[in-house]
2 protein chains.
Amino acid sequence: MADQVKLHGNWLSPFSSRVIWALKLKGIPYEYVEENVADKSALLLHYNPVYKKIPVLVHSGKPICESMIILDYIDETWPENPLLPSDPFERATARFWIKFIEDKSPVLWGVFLADGEDDREKARKATLEVLQTLEERAFGDEKFFGGDEINMVDLAYGMLARWMPVIEEVVGVKLLDPDMFPRLHALAENFRQAAVIRDNLPDHDQMVPLFKIRREQLLQIAGK
Amino acid sequence: MADQVKLHGNWLSPFSSRVIWALKLKGIPYEYVEENVADKSALLLHYNPVYKKIPVLVHSGKPICESMIILDYIDETWPENPLLPSDPFERATARFWIKFIEDKSPVLWGVFLADGEDDREKARKATLEVLQTLEERAFGDEKFFGGDEINMVDLAYGMLARWMPVIEEVVGVKLLDPDMFPRLHALAENFRQAAVIRDNLPDHDQMVPLFKIRREQLLQIAGK
């Protein structure tokens, strides 16, 4: 068990993917346990009794929960190829935008879960507002969200690069429009093309039919 | 401006108090700017255009927003008297419970904003559920939330020590019941008694009438 690294995840989850990307960027060997989110393993519930959610990283038998906390843990345990800048002010800025996307995550998934034209339109507008704030205020002219190299901010924003286009196709709305959000659109594209990410991204065409089914199930549960 | 530390805050805000406590624990001299949350200064809006909220720490002219991000910044800029454990796993555990209280903050304020007996009862039950999770799963038998010394976890949980008793009195419900939550109750008491905290806590009796007025205003705005 000493120094063994194990990840309980789900291949369709952007939160899981954040951890996979971090482990790959750091070159840390790990064992992967695919969890069925509809029927979670007893071990997962044991490791994460509060949220009962993936991802959970288990290192030398100790569980760490919540994707961004796992990323901090990884960065502090294996400091080579740092995932955050060394300057405290730059770190604070990175953390600010990481917290922003964490806080806005329900908004960004709003369109996926909205039913009926009114709700969908409301959710679409809320999403565009978040994207507008990002386009105007976050990120400079560097290649990646986090700067010239992929860092923790990019991993936090990975949802924009793959899950958002899937939502767009499943629901049939445009969100990350290249004309409205040229900078964000380019950043998402650069992220998708980066070697470690490209090789560890779930496939768009495989995701779409599964997210269609998932959406129908969720709308049924919500009684919509 | 070099190395000048300035805090834009509001004396009634637990988020502001977190930063004040951290600065005091570190022994960092700072200038304090009291903001009227109903009429924020142009400078505050300039420093925090995304959220337009206090607290904002300005260090050598650079603004840092969001209370827990400010605490990370303070801890990284002035490493003496560390606010987080040095072991990565213990840091992850601290961050887990910090994130928990951040996520649950709307629940913990739910009773304050609930109108009518049904809503209030629903909000009370939700709060007790959060407190139950904390009582059962978080924190050991140490004196403080964070261990034997006050650390970042305590500052995050400061709301329980002062604002929750104020909510209880304003609304007329018991939440942090010493019989139901003996451990949490003792931790809150120890926190209140710690020297730096005791000397930098807004006064309960001064707060109650102001929170009564604030509650009425907020309920009116909500059209209740």
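**View 1. A:Glu76 and B:Arg91 form a salt bridge, with the closest N and O atoms 2.9 Å apart.** A salt bridge here is a side-chain nitrogen of Lys or Arg within 4 Å of a carboxyl oxygen of Asp or Glu. Between chain A and chain B the count is eight salt bridges. The model is predicted: local features need pLDDT of at least 70, side-chain atom pairs count only at pLDDT 80 or more, and totals for chains, interfaces and linings use all residues. Residues are numbered from 1 along each chain as its sequence is written, chains are lettered from A and ligands numbered from 1 in the order in which they are written, and side-chain values use heavy atoms, with hydrogens and water left out.

**View 2. The interface of chain A and chain B has six residue pairs in polar contact, both residues at pLDDT 80 or more.** Four elements of chain A give two or more residues to the side that touches chain B: strand 4 (62-65), helix 3 (67-77), helix 4 (88-108) and helix 6 (117-137). Helix 4 of chain A gives the most, with eleven residues. Helices (H or I, at least four residues) and strands (E, at least two) are DSSP runs, numbered from the N terminus. A polar contact is a pair of N or O atoms within 3.5 Å; within protein, one must be able to donate a hydrogen and the other to accept it, and residues adjacent in sequence count only if both atoms are side-chain atoms. In total, 26 residues of chain A are in contact (heavy atoms within 4.5 Å) with 26 residues of chain B. The area buried between the two chains is about 2,500 Å², and carbon and sulfur atoms give 68% of that area. Buried area is the accessible area (1.4 Å probe) that two parts lose on being put together, summed over both.

**View 3. B:Asp72 sits in helix 3 (residues 67-77) of chain B.** B:Asp72 counts as buried because its relative accessible area is 12%. Buried means under 20% relative accessible area, exposed over 50%, partly exposed in between (1.4 Å probe, protein chains only). Leaving aside neighbours within four places in sequence, B:Asp72 is in contact with A:Arg95, B:Leu84 and B:Met152.

**View 4. B:Asn10 lies in the loop between strand 1 (5-9) and helix 1 (14-26) of chain B.** Its relative accessibility is 10%, so B:Asn10 counts as buried. The side chains of B:Asn10 and B:Glu34 make a polar contact at 3.3 Å. Beyond four places in sequence, the contacts of B:Asn10 include B:Ser16, B:Tyr32 and B:Ile54.

**View 5. B:Phe145 occupies the loop between helix 6 (117-137) and helix 7 (152-156) of chain B.** At 5% relative accessibility, B:Phe145 is buried. Among its contacts beyond four places in sequence are B:Phe139, B:Tyr157, B:Leu160 and B:Leu184. B:Ser105 is 40 residues from B:Phe145 in sequence and 17 Å away in space, C-alpha to C-alpha.

**View 6. The largest nonpolar core has 154 residues.** Such a core is a set of buried Ala, Val, Leu, Ile, Met, Phe, Trp, Tyr and Cys residues joined through side-chain atoms within 4.5 Å. A:Leu134, A:Tyr157, A:Leu160, B:Tyr157 and B:Leu160 have the most contacts inside the core. Beyond four places in sequence, A:Leu160 is in contact with residues including A:Leu108, A:Leu134, A:Phe145 and A:Ala188.
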